[in-house]
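Me: Let's go through this model together, one question at a time. Here it is.

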Amino acid sequence: MNSSIFGQILLWLIRPFRFLLTLNGRNRMNRVFPMRNLILWLVLLTSLLLTGCVKYDVGLNFDNSNSGELVQHIRLGERLTSFSGDSVYEWLKSIERRARQLEGKTQRVSQEEIIVTIPFSSGRELQEKFNEFFNSRANQPSESVGKQSDSELPKIESNVLLEQNNFLLLVRNRLIYDLDLRSLSLIASKGNVLANAGSILDLEFSLKTPWGAKNIQLTETAIEPEKNGNRLVWKLHPGELNHIEAVFWLPSSIGIGALLIILFVWGGLYLRYNFMPDPRIEFPPKAATAQEQ
């Protein structure tokens with residue numbers, strides 16, 4: 001969900017066909033494909049062959065206000081890996097490295113599919129880890145990529161914000177997530193439209209909470225989610241500014257713990273002075289005992 005993740009993938013998709021542009025028989029190709037830009041046909045053909053080749057699901061799972069996980073499920077199509085397997089596998093390895101840096105763990109389901117889990121213990125930690133992972137400098141293209149290729153990589157901005165208000169036993173949470181995918185609208189070269197990235201990328205964002213969440217649609221760019229039990233699932237749209245906003249309540253472990261301590265102390269005092277002998281009677285003062293003797 002940043003330039004290195006999707007920009008490099010889109011670049012890899014058209015790389016196998018670039019050699020065609022330098023062939024001496026270019027005029028012959030133009031006669032077969034009577035278009036001003038030959039690469040238009042090439043990318044259109046590639047988009048048809050690689051339909052749905054990248055499945056990227058990002059989810060936030062909350063247990064309470066002080067416990068949760070950022071889960072990412074990445075699945076690559078066989079056609080994509082057959083085109084540029086080494087580069088794709090290196091990208092998956094970089095994801096694993098960044099997850100370990102954020103105290104996360106990865107599960108390699110297969111060579112083309114991984115599940116990344118990064119824990120967080122507060123709203124602040126969630127913001128820091130989420131934004132650092134998706135905007136990390138480690139995601140920038142390597143120096144081996146040429147300057148021309150670098151300029152073709154689309155720039156994507158991703159930012160999550162979690163506002164929390166404590167109400168003793170409950171915490172009100174307001175999640176705001178903005179993801180700018182307008183640079184992935186179309187693969188283009190010198191202003192010429194080439195292909196729709198939506199046919200290649202399948203992106204989803206989900207939110208799971210103990211009591212469910214309420215979607216807030218205040219702007220035109222807000223996405224209407226699908227509800228599945230206590231989980232809301234948003235289908236992200238390449239080529240658009242995706243805005244997600246939701247409100248949900250979580251139990252406050254600190255508030256509940258404090259309440260339990262108060263109840264325990266109050267229960268002890270109640271039992272002591274209502275169901276047990278008065279300590280002044282059970283243990284009379286020594287002075288009074290001496291006078292009686």
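Me: First, what makes two strands pair here?
Reply: Two strands pair if DSSP finds at least two bridges between them. Helices (H or I, at least four residues) and strands (E, at least two) are DSSP runs, numbered from the N terminus. Keep in mind that this is a predicted model, where local features need pLDDT of at least 70, side-chain atom pairs count only at pLDDT 80 or more, and totals for chains, interfaces and linings use all residues. Residues are numbered from 1 along each chain as its sequence is written, and side-chain values use heavy atoms, with hydrogens and water left out.

Me: Over how many bridges do E5 and E6 pair?
Reply: Strand E6 covers residues 170–180, and its pairing with E5 is antiparallel. Within this pairing, Leu 161 faces Ile 176 of E6. The number of bridges between E5 and E6 is 11.

Me: Which strands stand at the edges of the sheet?
Reply: The open sheet has 4 strands, paired antiparallel in the order E5-E6-E13-E10. Each edge strand has a single partner, so one side of it is left without a neighbour in the sheet. Those are E5 (157–167) and E10 (214–215).

Me: At about what angle does H5 run to E5?
Reply: Helix H5 (residues 123–134) lies across E5 and E6. Axes are lines fitted to C-alpha atoms, for helices over the stretch in contact (heavy atoms within 4.5 Å). Angles run from 0 to 180 degrees between N-to-C directions, and for H5 against E5 that gives about 175°.

Me: How many of the 12 residues of H5 are buried?
Reply: Buried means under 20% relative accessible area, exposed over 50%, and partly exposed in between (1.4 Å probe, protein chains only). Among the buried ones are Gly 123, Leu 126 and Phe 130. H5 is largely enclosed by the rest of the structure, because the buried count is 9 of the 12.

Me: What kind of pair do the rings of Phe 133 and Phe 134 form?
Reply: Rings of Phe, Tyr and Trp (its six-membered ring) pair if their centres lie within 6.5 Å; planes under 30 degrees apart count as stacked, over 60 as edge-to-face and the rest as tilted. Phe 130 and Phe 134 are a tilted pair, 4.7 Å centre to centre with 50° between the planes. For Phe 133 and Phe 134 the centres are 5.1 Å apart and the planes at 75°, so the pair is edge-to-face.

Me: Which residue has its charged end over the ring of Phe 133?
Reply: A charge sits over a ring if NZ of Lys or CZ of Arg is within 6 Å of the ring centre and within 35 degrees of the ring normal. Here the distance to the ring centre of Phe 133 is 4.8 Å, and the residue is Arg 98.
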